[in-house]
Amino acid sequence: MEETYLLNVEGVKKKILHGGQGELPKLQDGSKITFHFQTLKDDFERTVIDDSREAGIPMEIIVGKMFKLEIWETLLSSMRVGEVAEFWCDAIHTGMYALVSRGMRRIAEGRDPLEGQKHRCGMGNMFDYHSTGYDDLDELQRTPQPLIFIMELFRVEEPSAYKRDTWAMSKEEKLAAVPMLHSEGNRLVLCREFGQAAVKYQEAVICLRNLQAKEKPWEDGWLKLESLVTPLVLNYCQCQLELGEYYEVLEHTTELLQKHNDNAKAYFKRAKAHAAVWNEREAREDFLRVADLDPSMAAAVKKELKHLGERMRKKHVEDRKRYQGLFQPPQG
């Protein structure tokens, strides 16, 4: 079945390759659309630029959340569930494709899609890039051109029908989610489900960091959010200590202390992580710093230092036994 017609949008043609089912879905802000797509050049070979099936997972966008390639919402709104359609889009609609594709490719590669991006609007960042890192996308960025999108629509979910990802939440939804995630993390800690608890604390931190990105650093709004972030990061680090992820603890406590160098709890957790990976000098320095900052923790510090000394002495004895025969001449 192939039927070609024009949408009520300048510079767009649609061809239905496989019919869908039911009525056209009614999209609203917050609706989640799940689909596969293939992007091709409008050349003789119909050169493939991107194919979501190669990544193994379908694409998802949230209606009304300012997806950089706005035309995609228009295309998908013309499709029924189960439909496969081919769209020809003029260059007036495809100028941002190189930037969008760059982000999608980085995600598929397990990399941060915003890596290296300055804190500016999307259009401003596009001009900051001398290269996208991909030759074919650099060409598209230099010379915007018509593209062909082949899409298969799987489902459309209403905002209340799925668990909202952090990035898809409004400011009010993020603020409301934080105490719930914090409470759920605490409950999981009591059940000694440290891995799951860490995930809850991390989700809460991500909500707050997203909000902080819109505030000016060290001003009142930013500081208020930072005061909520700090205990969540410390709870996350405690879970990682329980899980034996000591270098994870070192990374996050060090980052925290770069901004808050008087946080005794952060020093204490970092000291325990240093001790666990045999960084004796660093552990002792951090434990002593804790005692200086918070005398009420002096007893706990004394206990940890004693334990550290016992562990290090035991390690030295074991090391001597292990290596004592290495430099002796062979017998006979």
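Q: What covers the buried residues of α9?
A: In this predicted model, the elements that cover the buried residues of α9 include α8 (220-242) and α10 (264-276).

Q: Which residues of α9 are buried?
A: The general idea comes first: an α-helix has 3.6 residues a turn, so residues three or four places apart point the same way. In α9, the buried residues are V249, L250, T253, L256 and L257. Because they cover an arc of only 140° around the axis, they lie on the same side of α9.

Q: Which residues are exposed on the other side of α9?
A: Y247 and Q258 are exposed there.

Q: What span should helix α9 have, and how far apart are its end C-alpha atoms?
A: Helix α9 comprises 14 residues, 246-259, and at 1.5 Å a residue it should span 20 Å. Its end C-alpha atoms are 21 Å apart, which agrees with that expectation.

Q: How many salt bridges does the count give?
A: Side chains of opposite charge can pair when their charged atoms come close. The criterion applied is a side-chain nitrogen of Lys or Arg within 4 Å of a carboxyl oxygen of Asp or Glu, and by this rule the count comes to 18 salt bridges.

Q: Which parts does the salt bridge between R105 and D136 tie together?
A: The side chains of R105 and D136 meet at 2.8 Å, N to O. R105 belongs to helix α3 (residues 97-108) and D136 to helix α5 (residues 135-142), so the pair ties together parts that are 31 residues apart in sequence. R105 counts as buried because its relative accessibility is 14%, whereas D136, at 26%, counts as partly exposed.

Q: Where do D286 and R270 lie, and are they buried or exposed?
A: D286 and R270 form a salt bridge in which the closest N and O atoms are 2.7 Å apart. This pair links distant parts of the chain, with D286 in helix α11 (residues 280-293) and R270 in helix α10, 16 residues apart. D286 is buried, with a relative accessible area of 5%; R270 is also buried, its value being 15%.

Q: Which residues do salt bridges that share partners join into one network?
A: Such salt bridges join K32, E60, R155 and E157 into one network.

How values were computed. Residues numbered from 1 in each chain as written. Predicted model: local features only at pLDDT ≥ 70, side-chain atom pairs only at ≥ 80, totals over all residues. Heavy atoms only, no water. Helix = DSSP H or I, 4+ residues; strand = E, 2+ residues; numbered from the N terminus. Expected span 1.5 Å × (residues − 1). Buried < 20%, exposed > 50% of the residue type's maximum accessible area, 1.4 Å probe, protein only. Arc of directions from axis to C-beta. Contact = heavy atoms within 4.5 Å.
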